[in-house]
Amino acid sequence: MERMESRLFDVLPALVSAPGATIPLGSIACKLIDLVEAVHKTTHILLDVKPDNIMVSTASSKVKLSSSTLADLLRLVDFGTSKSIGGVHGHKPNDGTKQVQGTPLYASLHVHALQTPSRRDDLESV
């Protein structure tokens, strides 16, 4: 079976069928939080949650997407900047950093203040 992947922002306009229509983003936001939480449970933080790293995975290009099924198809990609946080309940000391980690446009204010990134920064990026 052919596997297709698209960026989330490329798929969203297709869900709006009429001018002025809205997309219910609640289920999408909840799914993104669940995905980030799943990564955190592996004792890692992502450090680069951004739209380009959120993909929609479908089994075929013929799948008709709807806002009700879109959330189930979301996937996070690009774990190149992820870091270990030292255990499920572990925290790294706030020693600061020398530069902003991740993509500055989507980084939290905490990361912009050159503080040690934590789980909350991934959630703020969502």
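The side chains of Lys50 and Thr103 are joined by a polar contact of 3.1 Å (a pair of N or O atoms within 3.5 Å; within protein, one must be able to donate a hydrogen and the other to accept it, and residues adjacent in sequence count only if both atoms are side-chain atoms). The model is predicted: local features need pLDDT of at least 70, side-chain atom pairs count only at pLDDT 80 or more, and totals for chains, interfaces and linings use all residues. Numbering starts from 1 along each chain as its sequence is written, and side-chain values use heavy atoms, without hydrogens and water.

Lys50 lies in the loop between β2 (44–45) and β3 (54–58) (strands are DSSP E runs of at least two residues, helices H or I runs of at least four, numbered from the N terminus). Lys50 counts as buried because its relative accessibility is 17% (buried is under 20%, with a 1.4 Å probe and protein chains only). Residues up to four places away in sequence aside, Lys50 touches Thr103 and Tyr106 (heavy atoms within 4.5 Å).

The whole structure holds 2 cavities of 30 Å³ or more. A cavity is a set of points, on a 1 Å grid over the protein atoms alone, where a 1.4 Å probe fits but cannot get out; lining residues have an atom within 4 Å of a point. Volume is the space filled by probe spheres set on the points.

The largest cavity has a volume of about 60 Å³. Its lining includes Leu47, Asp48, Val49 and Gln101. Helix α5 (residues 119–125) supplies the largest share of that lining, 3 residues.

The second largest cavity holds about 40 Å³. Among its lining residues are Asp48, Val49 and Asn53.

Notes
Buried means under 20% relative accessible area, exposed over 50%, partly exposed in between (1.4 Å probe, protein chains only). On a 1 Å grid over the protein atoms alone, a cavity is a set of points where a 1.4 Å probe fits but cannot get out, and a pocket is an open set with protein on both sides within 12 Å along at least five of seven lines; lining residues have an atom within 4 Å of a point.
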